[in-house]
Amino acid sequence: MLLSALDKGAAKFGLRRVPEKALCGLAVASGTAGALLGGLALVLLHHKTRKQSFQLKYLIATGLAVLLDTLL
């Protein structure tokens, strides 16, 4: 959630952004709960809501996190 908020702030002020790979990678690494909380943060902050390519990447990352949690 914090990384999403930092990226949203950077976007507003034209600062260096957090790479999408980092947001999706953290979603996978943080597990199901982390991925879902990160997705909730994106929705609550209205961040990257119009970028369909990122939404698809994040959905895949969340699915991978769920799969890994299930297998492990």
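A search of the whole structure, a predicted model, finds four salt bridges (a side-chain nitrogen of Lys or Arg within 4 Å of a carboxyl oxygen of Asp or Glu). Residues are numbered from 1 along each chain as its sequence is written. Local features need pLDDT of at least 70 and side-chain atom pairs count only at pLDDT 80 or more, while totals for chains, interfaces and linings use all residues, and side-chain values use heavy atoms, without hydrogens and water.

One of the salt bridges pairs R17 with D7, with the closest N and O atoms 2.9 Å apart. R17 lies in the loop between α1 (2–13) and α2 (20–29), and D7 in helix α1, so the pair ties together parts that are ten residues apart in sequence. Helices here are DSSP runs (H or I, at least four residues), as are strands (E, at least two), numbered from the N terminus. R17 is partly exposed, with a relative accessible area of 37%. D7 is buried, at 0%. Buried means under 20% relative accessible area, exposed over 50%, and partly exposed in between (1.4 Å probe, protein chains only).

K48 forms a salt bridge with E20, the closest N and O atoms being 3.4 Å apart. This pair links distant parts of the chain, K48 in the loop between α3 and α4 and E20 in helix α2, 28 residues apart. Both K48 and E20 are buried. The side chain of K51 also meets that of E20 in a salt bridge (2.6 Å, N to O). Here too the pair links distant parts of the chain: K51 is in the loop between α3 and α4, E20 is in helix α2, and 31 residues separate them. K51 is partly exposed, with a relative accessible area of 38%. E20 is buried, at 15%. Salt bridges that share partners join E20, K48, K51 and K57 into one network.

H46 has a positive phi of about 55 degrees, although H46 is not a glycine. H46 lies in the loop between α3 and α4. H46 is exposed, with a relative accessible area of 58%. K48 has a positive phi of about 60 degrees and is not a glycine either. K48 is placed in the loop between α3 and α4, and is buried, with a relative accessible area of 15%. K51 lies in the loop between α3 (31–44) and α4 (52–71). K51 and G34 are 17 residues apart in sequence and 21 Å apart in space, C-alpha to C-alpha.

The largest pocket holds about 190 Å³ of space. A pocket is an open set of points on a 1 Å grid over the protein atoms alone, where a 1.4 Å probe fits, with protein on both sides within 12 Å along at least five of seven lines; lining residues have an atom within 4 Å of a point. The volume is the space filled by probe spheres set on the points, which are joined across faces, edges and corners. The lining has 13 residues, of which G39, L42, V43, Q55 and Y58 lie nearest the pocket centre. Helices α3 and α4 each supply at least two residues of this lining. By class, the lining has seven nonpolar, five polar and one charged residues. Ala, Val, Leu, Ile, Met, Phe, Trp, Tyr, Cys and Pro count as nonpolar, Asp, Glu, Lys and Arg as charged, and the others, Gly among them, as polar.

L64, L67, L68, L71 and L72 make a nonpolar surface patch of about 540 Å². Patch residues have over 30% relative accessible area and no salt bridge; like charges are joined within 9 Å, and nonpolar side chains (Val, Leu, Ile, Met, Phe, Trp, Tyr) within 5 Å. Accessible areas come from the Shrake-Rupley method with a 1.4 Å probe, and for residues only the protein chains shown count as cover. L64 is found in helix α4. L64 is partly exposed, with a relative accessible area of 39%.
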